Structures are given as structure tokens and as C-alpha cells.
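The structure comes first, and my entries follow.

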Amino acid sequence: MKPTPSIDPTDSTQPALGIHSTVEVALGDGRAYPIWIGEELLGLPAVWTACIDSRQVVVVTNATVANLYLAPLVGALKASSREVIEVVLPDGEEFKDMAHLGTILDAMMQAQVDRSSTVVALGGGVVGDMAGFAASCYQRGVAFVQAPTTLLAQVDSSVGGKTGVNHPLGKNMIGAFYQPKAVVIDMSVLSTLPEREFSAGLAEIIKYGASLDRGFFDWLEDAMDALVARDSKSLAYAIEKSCQLKAMVVAEDERESSGRRALLNFGHTFGHAIEAGLGFGTWLHGEAVGCGMVMATRLSQDLGQVRADEASRVLDLVRRAGLPTQPPKWSAQTYLDWMRHDKKAAAGRIRYILLKGIGQAEFRPVDDAAVSASLQAMTA
């Protein structure tokens, strides 16, 4: 990926920004944007000067992240004489709904935020999705920047412009495609990420290798112990490689019109059903995706598309990442009913992202009878 021209972290004449790598999301119509990956970025005024040119900045975060990282970010923004409006939401997937979207919009209205303002999403995937959706709606669209604070958000949800909220009948059913101006990935925040949240992020990293890049999957098998131990060099490579793969696919199919971008949802059809069926927040999103990848791989094996040894490799890597591999013991019909609410269903027919081999995913419908037989075996 070609670095963005706005900042060259190797140029000694520019401020030392702590950025060690840059990935570009190469969208057309002048909408390309950078993903900056580095250390201790949140509190550096130069980083925010580089990606925000508005007087008003709305920082959306949650209560957990606010206690850790809101002060340095706000301090960096105010250092350049910006007016900062803080919106602190409760922490949890169960609060990713229309009511709390209204909380963000209410705060913006009350502060008389104007159209030239910028929204900064400081948090994980829930905060990023909700802040981005609010930015897309407010005065028909204001700029926003992603500052992801979980591993999952850094490698997945902060990149690509998918925003939205959940509905009781389905995950992310209400939302918009709305791209950020920049993504600021501060790896130092991962030091405070709880173990369960960290494992959830590894699920999305595994997804890229399993569905798109066999060589990356091979590397993950060798590096998983180091990743679980949060080795900084291994993490830096995994984050950069994941962002490169996602940026490539988003550039090819920004709005999932060709089906190429749908491959990024490997494991999500089953995973979203688990999240909705258990109640949002019971399993973390990454936990559900990890189990969903195992389920999609098993279905691929049952359909004769994946060898047993390759299916075992996927299951083993998910397990080594500390993720669940055994799905809830529901009836096949319960799974089918929940999956029909998935965004990828068409005219009530479920379409699945399956494997033809490690690193080779495809998007296709499967007869309910074949899915039911596979589910019955998985949940026996």
C-alpha cells in the first residue's frame, strides 16, 4: 500500500509523530484516507492537526475508555485551540441502539455543532460504529476520524466505513456506508485491554488469513503464541497486514456490490446469529465470529469443499487464540431463523461465506437441508 502524502513518518523535517507504518484505503473521487499505526499517538497534537481542520470536535467514547484515554486526547485537541464536546456512552454491545445514537445527536444539537465539525470515535467497534453513523446523519454528514482502542476495532471495524446500530432482530441492520477521514491506531492502548477483549480481536485477524491469504494464515499459526503474549513486533505486523488486506478489499468493493467485500464477513453469518440469539453482549463480537468461523469451516467440510486436516487447522488456531469453538446447542431451525435476519440474506434465502481451502473464501447460498444436517452434527 502506498503511504498517504499528507504525512511521511520517515521525513525528518516533519514532526515526530510516533507513526511507524501507514496503510492507505485507496478509494476514488478523492476519498482515499490513511491508517496510521504507531505508539503513543492519542496525546500528540501534531497527529490531530494532520487529520482535523475543524474548530469544533465531538469526541464520542464510552465510560471505560474515557477513564483511560479521554484526557490525553482532549488535551491534544485543545492544545490547538479547538472546542471539544465530549459524549460518554455506557460500555457494551447492548447499548449499540437507536436510543444511544440519539444521545450522541442530542449532545451535538445542544452544543450547536456546525456542519464543518469533526466527530472522533475513541473506543472499540461499538463506539466507532455509532459515532460514524451519527456523523453520517448529523446535518446530512460531517467529517469523522476513527481512534480505535480495541484490537478488533484496530484491525477491522474502524476501517472501511461501515457504521450503524443493532436492532433486536438483527445486528447492524440500521446504518450507512460512511468513510472516515483517517484512522489513528495507537498500539499502546492495547496494554490495558482485558484478555477476553484481546482474544476477540484475534478472531478478526484469523479471519483475514483463513478467508483471503493462506500465507498470512501460515504465519499466524507460527506466531499465535507470541500474539497471545502481546509481543509488540508480532502485533505490529498482524495489525498492518490485516489493515492492508481489508483496505485492498474495500477499495475493490466499497459497498458490497460485487460480493467481494462480503468475504470479509467469514464467520459472521453464524456469529451474528449467536450474538442475537444469546442477547447482544453475552458473547463478545469476536468470540461469536471465532466460533462462527469454525462453524462455516465445518459446513464447508461437510459440503466437500475443505479437507478435514484444513478444517482442523482453522479450529485449532481459533482455540489457541482463546476463543470459543463450540456453538450454543440450539436446534438447526433456531439458527436458520436468526440467520434469515442477516443483512446478507436475499429474499429470505441465507447466503454463506464458505471456504474452498485456507485463504480461499466464496460467497454462496446453501440449501437449508444441508445446513441443518451440518448444524445438527455440530451441536450434538
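How much space lies in the largest cavity? I worked from a predicted model, and I found about 80 Å³ of space in the largest cavity.

Entry on the count. I looked up how many cavities of 30 Å³ or more there are, and the count came to 2.

Entry on the largest cavity. I noted its lining residues, among them Leu169, Gly170, Lys171 and Met173, then His272, Ala273 and Ala276, and also Trp338, Met339, His341, Asp342 and Lys343. Strand 8 (170–177), helix 9 (268–278) and helix 12 (332–339) are the elements that give two or more residues to this lining. I sorted the lining of the largest cavity by class and recorded 6 nonpolar, 3 polar and 3 charged residues.

Entry on the second largest cavity. I found about 30 Å³ of space here. Asn265, Gly267, Thr269, Phe270, Ala296, Tyr352 and Ile353 line the second largest cavity. Helix 9 and strand 10 (351–357) each supply at least two residues of this lining. By class, I recorded 4 nonpolar, 3 polar and no charged residues for the second largest cavity.

Entry on glutamine 154. I located glutamine 154 in helix 5 (residues 151–157). Is glutamine 154 buried or exposed? Glutamine 154 counts as buried because its relative accessibility is 0%, and buried means under 20%. Leaving out residues up to four places away in sequence, I listed what glutamine 154 touches: Pro148, Thr149, Val159, Ile185, Asp186, Met187, Val189, Leu190, Ile239 and Cys243.

Notes: Residues numbered from 1 in each chain as written. Predicted model: local features only at pLDDT ≥ 70, side-chain atom pairs only at ≥ 80, totals over all residues. Heavy atoms only, no water. 1 Å grid on protein atoms, 1.4 Å probe; cavity = no way out; pocket = protein on both sides within 12 Å on 5 of 7 lines; lining within 4 Å. Points joined across faces, edges and corners; volume = space filled by probe spheres on them. Helix = DSSP H or I, 4+ residues; strand = E, 2+ residues; numbered from the N terminus. Nonpolar A, V, L, I, M, F, W, Y, C, P; charged D, E, K, R; others polar. Buried < 20%, exposed > 50% of the residue type's maximum accessible area, 1.4 Å probe, protein only. Contact = heavy atoms within 4.5 Å.
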